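Colleague: I would like to learn how to read the packing of helices in a model, step by step. Could we take one feature at a time?

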Amino acid sequence: MTALMFILGILVFVFGLLFSIAWHELGHFSTARMFGVRVPQFMVGFGPTIWSRKKKETEFGIKAIPLGGYIRMIGMFPPGDDGAIRQRSTSPFRGMIEDARAAAFEELQPGDEKRLFYTRKPWKRVIVMFAGPGMNLILAVTIFLGVLMGFGINTQTTAVGTVSECVIDQSEEPRDCRDTDQPAPAAAAGLRAGDIIVAFNGERMDEWGTLQERIRETTGAATITVERDGREVDLQADLIENQVARTDGDGGYVEGEFVTAGFLGFSPAGGIVRQDFPQAVERMGDIMTTGVQALVDIPSEIPGLWNAVLGNGEREPDSPMGVVGAARVGGEIFTLDIPASQQVATALFLVAGFNLSLFLFNMLPLLPLDGGHIAGAVWESLRRGWARVTKRPDPGPFDVAKLMPVAYVVAGVFICFTLLVLAADIVNPVRLTG
């Protein structure tokens, strides 16, 4: 049964992956067609075609390797300076440029002269190229908000999980209570595991972060109102100062950092809590910030990945994952001993995270990524605008094809990184469970 659920989790992720890729390409396709660009191909995947069907002027298909997708637009790059699509050259860099230019025109048909991508105004090209990653962003936000507000997430609550028997400086190594230790204020006040703290000094409490903040601000006498056996009970506690772990502002803790603050002496219980819209939006902002930081940190992750493959290094839980690693995690999600609704919610979170990564990565202003084409269109618009202001001749379209040597370098780096991540996902994968 466990193996079957593992396979089911992988299939759910693969389906989500294929849908995300098709959704991305639909953004490019729909806006290109809206602006009159001819699109002869719409493909999900790379490599050999395993299914295709032509509808009107576009061939729709699925290819064997589900690592991306593409649409083919006529006239992605302008002709050369002399108006030629291809020139003969022995230079390898010139050859790259000419090959890219020729590919942009290889399916040119009579009547396509007015349907070329490069002839569209820069703002239209920006929309077409942004529409792909933009669709991934829309899907990511929709799934994240849907899960946070519909399913809820496992979070710390105002319910009491455990009560400390004594006061122990949290900067010390974990240890048992000693006879010389002072009783914890929570235990002395009669707080019990299972109590739900509903008010602190008369202020109603409904989330752990606020309660934690109030406790840390307080020393001395305090009234703690708890819900116990269906009724509310007031407990009198005498809070003291203690060395406690520094918080990250969201109820979590910063490892290895401590501050002096008010201390009550209990640990909150976790639970599945649905977020309201403002809470969900705030958490979405945190997820976006984490995603951007993860993208910035990729170069620093390479030594760890290398060590995970060829050395004895442990794979960090937040280490970059590829499609293989994410599919494995998707399989593990469906084997976790958690309610089925939370298995589905966690799997959806994985798909949403993948879409967020697609958006952020594709927005990098580098060819062959969508962000590189956007940067080229923006530069053309600025260059033409400056020419108009200074009354100079129109410089014409910006020839993005001239940047193809850079695009090949970027693609090469990306392929090498992808292979490294793939090796790490196989040899030393990220695991949800031990």
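Modeller: We can begin with what an axis is: a line fitted to C-alpha atoms, for helices over the stretch in contact, with angles running from 0 to 180 degrees between N-to-C directions. Please keep in mind that this is a predicted model.

Colleague: How are two packed helices described, and at what angle do α3 and helix α6 cross?

Modeller: Two packed helices are described by the angle between their axes and the distance between the axes. Here the axes of α3 and helix α6 (residues 277-296) cross at roughly 130° and come within 10 Å. That angle makes α3 oblique to α6, and the crossing in which α3 passes α6 is right-handed.

Colleague: Which residues in α3 and α6 meet?

Modeller: From α3 come Leu 137, Val 141, Phe 144, Leu 145, Leu 148 and Met 149, and they meet Phe 277, Ala 280, Val 281, Arg 283, Met 284, Ile 287 and Met 288 in α6. Sorted by kind, the residues of this contact are 12 nonpolar, no polar and one charged.

Colleague: At what angle do helix α3 and helix α9 pack?

Modeller: Helix α3 (residues 122-151) and helix α9 (residues 340-362) pack at an angle of about 155°, and their axes are 8 Å apart. Because angles over 145 degrees count as roughly antiparallel, α3 is roughly antiparallel to α9. The crossing of α3 past α9 is left-handed, and the residues of their contact comprise 19 nonpolar, seven polar and no charged.

Colleague: What span should the 20 residues of helix α10 have?

Modeller: At 1.5 Å a residue, helix α10 (residues 370-389) should span 28 Å, and its end C-alpha atoms are 29 Å apart, which agrees. Several residues of α10 are buried, among them Asp 370, His 373, Ile 374 and Glu 380, and the buried residues of α10 pack against α1 (2-34), α3 and α9. Just after α10, Lys 391 takes a positive phi of about 60°.

Notes: Residues numbered from 1 in each chain as written. Predicted model: local features only at pLDDT ≥ 70, side-chain atom pairs only at ≥ 80, totals over all residues. Heavy atoms only, no water. Helix = DSSP H or I, 4+ residues; strand = E, 2+ residues; numbered from the N terminus. Parallel < 35°, antiparallel > 145°, perpendicular 65-115°, else oblique. Left-handed = near helix turned anticlockwise from the far one by under 90°. Nonpolar A, V, L, I, M, F, W, Y, C, P; charged D, E, K, R; others polar. Expected span 1.5 Å × (residues − 1). Buried < 20%, exposed > 50% of the residue type's maximum accessible area, 1.4 Å probe, protein only. Contact = heavy atoms within 4.5 Å.
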